[in-house]
Amino acid sequence: MTNATKARAQRRRQAPPPPKRSPWVERALLGLVAVAVVLAAAGVWRLSGDGRGTSAADAGPVHVHGLGIDPADKALFIATHTGLFRVGERDSKAVRVGDSYQDTMGFTVVGENRFLGSGHPDLRTDLPPLLGLLESTDSGRSWDPISLLGEADFHVLRSAGERVYGYDASNDRLLVSGDAGRTWEEVERPAPLLDLAADPNDSQHVVAVAASDLSQGLYESRDGGRAWERIGDPVGLLAWPVPDQLYLVDGGGNVSASTNAGRSFERRGSIGGQPAAFLGQGADELFVALHDGTIKRSSDGGATWAVRSTP
């Protein structure tokens with residue numbers, strides 16, 4: 001047992017009852033339940049004789065977990081509760097990648113045609129419920145397990161060169177890898193995490209958003225997640241595309257930018273809804289997913305937004 005694991009176990013023995021979740025986290029969980037009800041009512045999933053799910057109709061990207069741009073062809077990829085979707089550079093409609101209904105969490109693009117992800121399997125497969133770290137080298141058409149298969153469900157994955165940060169929501173632990181996700185070290189986390197972003201200039205410098213009421217806010221680490229300092233109150237989804245522009249979109253859809261790594265923010269604009277996923281591409285280009293599967297794009301650092309694609 002690692003020192004971090006021992007410390008975490010000791011904290012749990014001494015800790016008071018778990019804190020109440022923040023209102024935004026509560027709404028997100030309720031939204032997931034609502035999506036499941038909608039899918040069942042619409043007949044998107046039905047149980048076959050052996051108890052596995054089959055697709056009766058494709059509702060499209062109705063519950064988005066992550067966004068990414070493939071540098072190979074500039075296509076937008078949308079990772080959802082029921083599979084991966086692609087929007088070509090000149091297209092406006094999302095198209096399913098392959099025929100998999102894998103629930104892809106922690107989705108991130110790390111190079112040309114190369115993606116990382118986690119989550120839960122297509123019910124038609126024999127994979128365990130927790131997929132650990134997965135890698136695709138063919139733009140999401142197939143996925144291979146890299147590590148922690150059956151042991152982790154990464155709701156947040158952030159790559160900074162060979163270093164990968166992963167928040168395993170199934171075990172409430174923050175893991176760090178120095179070899180592209182092949183092996184991991186558990187480090188301290190300030191609280192249950194909603195999101196995390198790495199400094200494009202320094203892979204040891206990260207900012208994280210804590211989600212519980214007692215520890216809610218923004219935290220910074222300059223040593224790869226081993227020690228944390230609380231630096232502010234904002235709660236939301238993060239994007240850190242260039243060193244001097246850290247973006248945050250809060251639960252009300254308000255977009256802010258920081259030029260000092262999150263110690264202060266300036267309001268930029270509004271996406272007009274509650275965000276489900278957030279992505280930064282360069283200094284001024286941002287993408288956000290709404291809960292109905294609509295993807296919006298900003299080319300002016302979040303001040304104004306236009307629809308990029310629809311389900």
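1. A quick definition before anything else: a residue is called partly exposed when its relative accessible area falls between the buried limit, under 20%, and the exposed one, over 50%. Arg-182, at 41%, is therefore partly exposed. Bear in mind throughout that this is a predicted model.

2. Staying with Arg-182, its salt-bridge partner is Glu-135, with the closest N and O atoms 3.8 Å apart. Glu-135 sits in strand 9 (residues 133-136) and Arg-182 in the loop between strand 13 and strand 14 (185-187), so the bridge ties together parts 47 residues apart in sequence. Glu-135 itself is buried, at 11% relative accessible area.

3. On the other salt bridges: the whole structure has 13. One of them pairs Asp-122 with Arg-124 at 2.6 Å between the closest N and O atoms. Asp-122 counts as buried at 5%, while Arg-124 is partly exposed at 33%.

4. Glu-285 and Arg-297 also form a salt bridge, with 2.7 Å between the closest N and O atoms. Glu-285 belongs to strand 24 (residues 285-290) and Arg-297 to strand 25 (residues 295-298), twelve residues apart. Salt bridges with shared partners also join Glu-220, Arg-222, Glu-229 and Arg-263 into one network.

5. Now the aromatics. There are three aromatic pairs in the whole structure. Phe-107 and Phe-115 have ring centres 5.2 Å apart and planes at 75 degrees, so they pair edge-to-face. Phe-107 is buried at 4%, and Phe-115 is buried at 0%.

6. Last, Asp-172, in the loop between strand 12 (163-168) and strand 13 (173-177). Asp-172 is buried at 16%, and its side chain makes a 2.7 Å polar contact with that of Tyr-167.

Conventions
Residues numbered from 1 in each chain as written. Predicted model: local features only at pLDDT ≥ 70, side-chain atom pairs only at ≥ 80, totals over all residues. Heavy atoms only, no water. Phe/Tyr/Trp six-rings, centres within 6.5 Å; stacked < 30°, edge-to-face > 60°. Buried < 20%, exposed > 50% of the residue type's maximum accessible area, 1.4 Å probe, protein only. Helix = DSSP H or I, 4+ residues; strand = E, 2+ residues; numbered from the N terminus. Polar contact = N/O pair within 3.5 Å; in protein donor to acceptor, adjacent residues only side chain to side chain. Salt bridge = Lys/Arg side-chain N within 4 Å of Asp/Glu carboxyl O.
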